[in-house]
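The sequence and structure come first.

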Amino acid sequence: MYNKIKLLAQQYHQETIQTRRDFHKYAERGWLEMRTASLVARRLDSLGYQVSVGKEVMREEFRMGLPSKRLLTLNYNRALLQGADPYYIEKVKNGFTGVVGVMHNGIGPVVAIRFDIDALSITEDDSADHNPGKNGFISCNPGAMHACGHDGHTAMGLTVAKILAQIKEQLHGTIKLIFQPAEEGVRGAKSIALSGILDDVDYIFAGHIWQQVEGEDYDIYLGMNETFATTKLDVTYHGVSSHAAGMPQFGKNALLSAASCILNLHSIPRNSDGCTRINVGTIRAGTGRNVVPETAKLEIEVRGATTELNNYMEVYARDVIRGAALMHDTIVEINEMGKAYSLDCDKKMMDLIRHICIDHLGDIKVAKEDLSPLDGSDDFSYMIATVQAHGGIGTYMKLTTDLVASPHNCTYDFNEDVLLTGTTVYSSIAYYLLNQD
């Protein structure tokens, strides 16, 4: 059966590439993935999966960092013009872009695979030597680009769905294919994890296209470590404007609160228990040089090598933020825009995948060490923690290949051979887990 899976993955490889390039061309940012989600749902439906979307698989109150209603409406209209499925787009509009395809096949374990679907707020490079431009699939949506491989993840998910549908008679149990919105900014997974869709899952896994380490030729790392837990905060100080020369004493300077906040956030003591991070990424304040600034908005993130270290940073940061408001008599508004735990991959799951690759997929080169640093964050952590809480196991993997530029860069691209690796490995893991006596 593993040979059949490899042959099917090879047979569908060009289709996987074309699917990836289509999603790349019509890139959609987090919570705006209406074309993407509607086409994913339609494809799963056509393959015979039980399809649930939007509010059926998401808890509305746990979505974070939603765009404005105006932006949601604009992107809904654009998605229709760009070929969104007319039936499913009505179910995924207004920031409900989660899609889950379920295939029930009698008694057996429940296996879930996560695929993230969103693009980044980046304008893609349009130079002559950029591969997507040369081959006609550069993003046509200004300010949106698949610069982190999620277009490839989505395409692999749909090919895995097709392969598993082809071998359905050999599977015993349930497969859940989860297409998650808004991973960038760690905003989307929590609403799915708390929807109940994972409550019966025994095994869960996900992966990410990643740069192959120089001097190594491994295709896959089985788990991740050094993954940061993180919290994303929008902080707005509200003061009172006044004439900066004539009546400065009547003003309440929001920008002073923001400046005090920034300096003191970067003065948070490091923690001896592990690595921590703080960053103020943006500040927008004031209306003119002769006006005491009435508002100031900051975009902030904290991170920690463990969930506990991130909590340390977040609590300290919130104290600093509120203290800066008191210093200058302003009012502060704090909104949580995203959050993730650190990832905790299960050794049992990694051993299982190593066995599958070595015994049945001999041409897949597995790294000798189980774990590889992520040096970032992924809100798949909500999903794996939800499954682990009731005794299930899971892991997060790296699928390595050659990259053009680093992730989150306007020239990013990847060697599409990795799509074949991913569809083969994912399908084989699902088959193994759903074919046990």
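Asp22 has a relative accessible area of 27% and is therefore partly exposed; buried means under 20% relative accessible area, exposed over 50%, and partly exposed in between, with a 1.4 Å probe and protein chains only. Asp22 forms a salt bridge with Arg35, and the closest N and O atoms of the pair are 2.9 Å apart. A salt bridge here is a side-chain nitrogen of Lys or Arg within 4 Å of a carboxyl oxygen of Asp or Glu. Because Asp22 lies in helix α2 and Arg35 in helix α3 (residues 34-46), the pair ties together parts that are 13 residues apart in sequence. Arg35 counts as buried, at 5% relative accessibility. Helices (H or I, at least four residues) and strands (E, at least two) are DSSP runs, numbered from the N terminus.

The model is predicted: local features need pLDDT of at least 70, side-chain atom pairs count only at pLDDT 80 or more, and totals for chains, interfaces and linings use all residues. Residues are numbered from 1 along each chain as its sequence is written, and side-chain values use heavy atoms, with hydrogens and water left out.

**Salt bridges**

The search of the whole structure finds 29 salt bridges.

| Pair | Closest N and O atoms |
|---|---|
| Asp22 and Arg35 | 2.9 Å |
| Lys176 and Asp200 | 2.7 Å |
| Glu336 and Arg318 | 3.6 Å |

Lys176 and Asp200 form a salt bridge. Lys176 lies in strand β4 (residues 173-180) and Asp200 in the loop between α8 (189-193) and β5 (203-211), so this pair ties together parts that are 24 residues apart in sequence. Lys176 counts as buried at 6% relative accessibility, whereas Asp200, at 40%, counts as partly exposed.

Glu336 forms a salt bridge with Arg318. Glu336 counts as partly exposed at 28% relative accessibility. Salt bridges that share partners also join Arg20, Arg21, Asp151, Asp413 and Glu416 into one network.

**Helix α1 and its cover**

Helix α1 (residues 2-11) has Tyr2, Ile5, Leu8 and Ala9 as its buried residues. They cover an arc of only 120 degrees around the axis, which puts them on the same side of α1; the arc is that of the directions from the helix axis to the C-beta atoms. An α-helix has 3.6 residues a turn, so residues three or four places apart point the same way. The face of α1 turned away from the buried side carries the exposed residues Asn3, Leu7 and Gln11. The cover over the buried residues of α1 includes α2 (13-25), α7 (150-166), α11 (347-360) and α13 (417-433).

Tyr432 lies in helix α13 and counts as buried, at 18% relative accessibility. Tyr432 touches Tyr2, Leu352, His355 and Ile356, not counting residues up to four places away in sequence; contact means heavy atoms within 4.5 Å. Tyr432 and Tyr2 are 430 residues apart in sequence, and their C-alpha atoms are 9.1 Å apart in space.

Asp351 is found in helix α11 and counts as partly exposed, at 34% relative accessibility. The C-alpha atoms of Asp351 and Asp118 are separated by 30 Å, and the two residues are 233 residues apart along the chain.

**Thr386**

Thr386 lies in helix α12 (residues 380-389). With a relative accessible area of 18%, Thr386 is buried. Leaving aside residues up to four places away in sequence, Thr386 touches Ala193 and Leu198.

**Two domains**

The domain assignment gives domain 1 (1-227 + 343-434) and domain 2 (229-338); such bounds come from an automatic or database domain assignment. The C-alpha centres of domain 1 and domain 2 lie 35 Å apart. Eight residues from domain 1 and nine residues from domain 2 take part in the contact.

Domain 1 and domain 2 bury about 600 Å² between them, 54% of it on carbon and sulfur atoms. Buried area is the accessible area (1.4 Å probe) that two parts lose on being put together, summed over both. The count of salt bridges between domain 1 and domain 2 is zero.
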